[in-house]
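Dear colleague,

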Amino acid sequence: MMASQQPGGPMSQAGLQPTISLQQQQQQQQQQQQLLSQQQDFDPVHRFKMLIPQLKESLQNLMKIASLNLAHNTTIDNGIKSSDTSVQRFDKSLEEFYALCDQLELCLRLAYECLSQSIDSAKHSPNLVPTATKPDTVQTESMSYAQYLGMIKSQISCAKDIHNALLECSKKIAGKGQPQGIM
């Protein structure tokens with residue numbers, strides 16, 4: 001009984017292990033949440049979803065300031081009040097609203113570019129070729145080696161056509177830059 005109650009006894013060590021593992025689990029969860037939030041910051045769709053409530057709030061603020069300014073100007077025009085009272089600036093809130101709109105536009109453009117790049121990638125290299133070294137990982141959607149060679153040949157042909165077109169254009173530009181002769 002005495003050995004189990006000593007500070008260095010087996011009971012105290014067993015009692016510390018769950019608290020240490022619990023702390024480690026909490027740290028791991030915090031690190032995973034930070035990593036997830038960092039990944040979501042780079043995701044344009046997630047960023048768009050985060051900006052929508054801010055845009056709604058900014059629009060509400062803009063409309064409130066506009067109505068207060070309109071009411072204030074109306075009272076001044078009717079001669080009821082003087083212009084001694086200060087009102088919030090409409091241009092600052094409008095600038096904030098436009099800044100959020102610009103951020104949303106950039107997020108949508110980035111999401112569109114990511115989507116189109118993904119579609120192009122899937123279109124030009126849709127399936128993998130199964131390797132002989134890993135026969136257990138053969139996919140049902142994989143292409144045959146002959147199909148793969150055909151795709152690669154068409155990509156090489158396209159790259160050569162682009163290269164030739166660029167060479168022709170550079171020769172035409174270089175030819176126009178030279179003097180035509182003395183008249």
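The paragraphs below describe a core, a helix and a pair of rings.

Please note that this is a predicted model.

The largest nonpolar core is made up of seven residues: Leu51, Leu55, Leu62, Phe97, Leu100, Leu104 and Cys107. Two or more of these residues come from each of helix H3 (44-77) and helix H4 (90-124). The greatest contribution is that of H4, which supplies four residues.

Helix H4 comprises 35 residues. From its first C-alpha to its last, H4 reaches 51 Å, close to the 51 Å expected at 1.5 Å a residue. Its buried residues are Ser93, Phe97, Leu100, Leu104 and Cys107, and these pack against H3.

Phe97 deserves a separate paragraph. Its relative accessible area is 14%, below the 20% cut-off, and Phe97 is therefore buried. Leaving aside residues up to four places away in sequence, Phe97 touches Leu55, Ser58, Leu59 and Leu62. Of these contacts, Leu55 and Leu62 are also listed in the core.

The structure contains one aromatic pair. The rings of Phe97 and Tyr98 have centres 6.1 Å apart and planes at 50°; because this angle lies between 30 and 60 degrees, the pair counts as tilted.

With kind regards

How values were computed: Residues numbered from 1 in each chain as written. Predicted model: local features only at pLDDT ≥ 70, side-chain atom pairs only at ≥ 80, totals over all residues. Heavy atoms only, no water. Core = buried A, V, L, I, M, F, W, Y, C linked by side-chain atoms within 4.5 Å. Buried < 20%, exposed > 50% of the residue type's maximum accessible area, 1.4 Å probe, protein only. Contact = heavy atoms within 4.5 Å. Phe/Tyr/Trp six-rings, centres within 6.5 Å; stacked < 30°, edge-to-face > 60°. Expected span 1.5 Å × (residues − 1).
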